[in-house]
Amino acid sequence: MKKVKQIRVLKPFDLLSEELVFIILDLISPNPSDLKSFSLTCKSFYQLESKHRRSLKPLRSDYLPRILTRYRNTTDLDLTFCPRVTDYALSVVGCLSGPTLRSLDLSRSGSFSAAGLLRLALKCVNLVEIDLSNATEMRDADAAVVAEARSLERLKLGRCKMLTDMGIGCIAVGCKKLNTVSLKWCVGVGDLGVGLLAVKCKDIRTLDLSYLPITGKCLHDILKLQHLEELLLEGCFGVDDDSLKSLRHDCKSLKKLDASSCQNLTHRGLTSLLSGAGYLQRLDLSHCSSVISLDFASSLKKVSALQSIRLDGCSVTPDGLKAIGTLCNSLKEVSLSKCVSVTDEGLSSLVMKLKDLRKLDITCCRKLSRVSITQIANSCPLLVSLKMESCSLVSREAFWLIGQKCRLLEELDLTDNEIDDEGLKSISSCLSLSSLKLGICLNITDKGLSYIGMGCSNLHELDLYRSVGITDVGISTIAQGCIHLETINISYCQDITDKSLVSLSKCSLLQTFESRGCPNITSQGLAAIAVRCKRLAKIDLKKCPSINDAGLLALAHFSQNLKQINVSDTAVTEVGLLSLANIGCLQNIAVVNSSGLRPSGVAAALLGCGGLRKAKLHASLRSLLPLSLIHHLEARGCAFLWKDNTLQAELDPKYWKQQLEEMAP
Amino acid sequence: METEDDLCHNNWGSSSSKSREPGSSDGGNQTFAGFTSQQKWEDASILDYEMGVEPTLQVFDEMKASGQANVDFLQGVRAQAWDPRTMLSNLSFMEQKIHQLQDLVHLLVGRGGQVQGRQDELAAQQQQLITTDLTSIIIQLISTAGSLLPSVKHNMSTAPGPYTGQPGSALFPYAREANNVASQSQNNNNCGGQEFDLPKPVVVDERESHVVEEHEMKDEDDAEEGENLPPGSYEILQLEKEEILAPHTHFCTICGKGFKRDANLRMHMRGHGDEYKTAAALAKPNKESVPGSEPMLIKRYSCPFLGCKRNKEHKKFQPLKTILCVKNHYKRTHCDKSFTCSRCHTKKFSVIADLKTHEKHCGKNKWLCSCGTTFSRKDKLFGHIALFQGHTPAIPLEETKTSASTSAQRGSSEGGNNNQGMVGFNLGSASNANQETAQPGMTDGKISFEEPFSPMNFDTCNFGGFHEFPRLMFDDSESSFQMLIANACGFSPRNVGESVSDTSL
């Protein structure tokens, strides 16, 4: 008896109830490696973890039988990492997860057919969501199989180009509970199929009809849907004023309408489209063919509750913008990206009315000057996101005001602007700044960057692409101050050396690291990052000639989460490549080296990386690699990109920008 | 022959005389007129079968160019088909009966002149009396004709009607007119000269091509749903079943041959002698209506089938507009569908024109519903699917087969799936059909068995579905994968059927 008692005392976790452990697991689940170490603690933890996990994202479909046996409560299965999912794999899913499975993502997978889908549909009776996007070979007969999944609520069929109205009709009749349907790029589906969907599936909330050859006819049925909240009509060229003329609807539930790139839709059609949508919140009219004038803006009369409007790429008049500001003064988001005709007058009169504005995108509005920025800073104190890439007329003084007035800024894109260190000092007072893009800002130096490093401790993303004034000093202040940094781009900052990499390795959350064209970084610095940044998923080392196999060996050993790597134009050989096969989830690999790679080594490396989806190689390798190997890899789900560009000498950064400006209109 | 002639005489006379004297009793006349036109319409459909025999014979007639000889010849040809002795006894029996009836009518005619005052009640009684007698003659006639059926195989439609039944069939369309004969016997004398002139309503109909009539016919039949005449504002007429189904309307008074068109009869009459070759005899009988006559009471027709919505006894009686409607309605609704499409061997029709219309498009309809109904236009299919619960677009087999050729496993499984789907949906739609007829709302609307369209649809669709797909299922069931699915999933068509009907209910 005494012995038994002792044993019980030795297992203190027995006292924890299952529910409590589950709560703990809920809290640690964001990090997969933590869960892994938890489950490896002891047998009971292993079982508890197996019982607890609901969602799975396996790297290989071959593992499905094992992992589904272990995780019996799987509800969400994401197979986007498995390029090849056979009918057998699907029937395994059906048999092992059967009724518990609720969501399945096959959007990146191929090799399965209607037979597998049928088994899935019949076994997984509670399947609510399925993503079959990119099944370009899918035909109507296969769609009829999908219709067997009666409980389906969310269905994505993006780019299923072979589907026609008949297949959609089958789905519409079979899956009555659908509430989210995406038919983007299903170019074979027309008015009849979509109309039937609207007639049969009354619960539809979100409907994506982008790039479908539909006309306004089916919209009559669609807008009768009682619960419709989102309607996406991007690039529907058939939707024109004439077919919408007789449209009378009262779709009070509609919250979001995307009519971008509808070339044949003018303000008349839009007026009838918006006539009953009194509660519309988000409207996307990007790349609309007509000029956003006073007339056009008058079509927005009915939607005064609008919160977000996108007018990307439209030609706008000052009157039109003013009218929008007057009609929809509760706007929180405005996007005028690439509206080259926006002037200071128009933007000022718009933002003056929008006290609530949170997000503003004026990318490439090249006519804007300091006047606009001053007006924005003065009228919109709640601004959270400001994107103003390439507003090159805005003088450096304007940025001082932004930092002073818009203290809530979280996202700031100042790429290709005249901002200087003083501007950065002002911006550093935006304490919640999360994303800062300073690409091609030639006026900034380490001094300015150190303000940011000291002030913006929440910074997650920093872009210093071609900001050539930056050296190791600036990077080290950032690495010290911004420990949450996840993404950094120091491409073409030629003064950066290994020191920066060593200091950046303190940012243990780093996921994306781009240091393209940095001649001074070596494998040593890379090894420092590889060792300490366990989450590293994307790395770009193109044109870093000092990087060699040693760096890759370190990566292969330590960075088990690496998904994408670019080692083109480096000193890497097939040895380094082969070592990368150790990384299980590696998906994209780019090795466009004109020399130094032996075909046999490349072949071995490609074979080793079982989860490879995309390989970018030098065109000369195409003929050297055995054809059967290429076929084999393609069958496994790997796509090849053959490049034959030769390495060009790096230009002087100042000259580079000058060239860029000459090219710009 | 003499008696028959007399009778016909009377009848022609009475109807034509009546037509000159409208208002008093056009009822019978109208019936007759309508009926003849109906016959003519029928003629159009049966003609196909008959064509093979008649025209050649007619050519032969003309070559012979003798009056009586051709009749003999014809009868000689036909006589090989049945036993003439039995026929003769039957005919003489009928002749006797007709004599009796004739006497009766004569009596009535005599009395009718004396008791002019009580004509109305008397007329009713007389009519009843004569109708009873006539009906018994008709029954006799039909049974006589019917006795021929087994012996006459292909010539069925040509042989028995005209020859065996000539006296009776010459009579029975005019059952109602016996009454008129009684009341208007004073006109009898006038009509001697024009005994072969048909009453004008026939002429009116004659002018229209039968194709047009077909369409009109259908349209009227369908459109009638919307007509809302207050009850009592029209006169209801009801033809008997036998009258509706009679193949011929016009009979040669000399040889008894039956025709569907008066024009054909007139052409035929030329063979009986020169007196029929005069321009007057060959001319179309002219319309002799009296201008400024009283407005005619609208006539509507009742279907003789008890319990039918088109029967006047029905609570929600909906009258039929014309005799053509009566005829089509009766055939479509209360007769067997004896005409099968020679292309799909699935669809059956009771009206041959329907069959022809179908055959024109059969096979061209590539848009297929799970219920088996096919459509020539995709939007019609989608309209159909949108309207009915549980129906789904059926993916054409070719597509399934092409994908089968690309990968064997894939194809077979698809085929298998289709089977299950199809069978399931068939069950579903069948239950739907029942349900829809059960729902009062639905029967009031477009979908009801009353309508010529829907019963045909529902029947054939289910059959169609079953005909088409089980075949495929058996074909495919040999593939191992199908078996695998069926076994592994415990999946049977019945299950799907149930589930589908659940959702559809």
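**Calling the labels to account**

Biologist: Which residues form the positive surface patch?

Modeller: Arg108(A), Lys614(A), Lys616(A) and Lys643(A) form it. This is a predicted model, where local features need pLDDT of at least 70, side-chain atom pairs count only at pLDDT 80 or more, and totals for chains, interfaces and linings use all residues. Residues are numbered from 1 along each chain as its sequence is written, chains are lettered from A and ligands numbered from 1 in the order in which they are written, and side-chain values use heavy atoms, leaving out hydrogens and water.

Biologist: Why is Lys616(A) called partly exposed?

Modeller: Its relative accessible area is 31%. Buried means under 20%, exposed over 50%, and partly exposed in between (1.4 Å probe, protein chains only), so Lys616(A) is partly exposed. Lys616(A) sits in strand S23, residues 614-618 of chain A; a strand is a DSSP run of E, at least two residues, and a helix one of H or I, at least four.

Biologist: And what makes Met166(A) count as buried?

Modeller: Its relative accessibility is 3%, and the cut-off is under 20%, so Met166(A) is buried. Met166(A) belongs to helix H9, residues 165-174 of chain A.

Biologist: What is Met166(A) in contact with, leaving aside neighbours within four places in sequence?

Modeller: Contact means heavy atoms within 4.5 Å. On that basis the partners are Asp140(A), plus Trp367(B), Leu368(B), Leu381(B), Phe382(B), Pro393(B), Ala394(B) and Ile395(B).

Biologist: How much of chain B counts as buried?

Modeller: 49% of its 505 residues. Chain B also has 23 helices and 9 strands.

Technical notes: Patches are made of residues with over 30% relative accessible area and no salt bridge: like charges are joined within 9 Å, nonpolar side chains (Val, Leu, Ile, Met, Phe, Trp, Tyr) within 5 Å. Accessible areas come from the Shrake-Rupley method with a 1.4 Å probe; for residues, only the protein chains shown count as cover. A salt bridge is a side-chain nitrogen of Lys or Arg within 4 Å of a carboxyl oxygen of Asp or Glu. Lys and Arg count as positive and Asp and Glu as negative; His and the chain ends are not counted. The place of a charge is taken as NZ of Lys, CZ of Arg, CG of Asp or CD of Glu.
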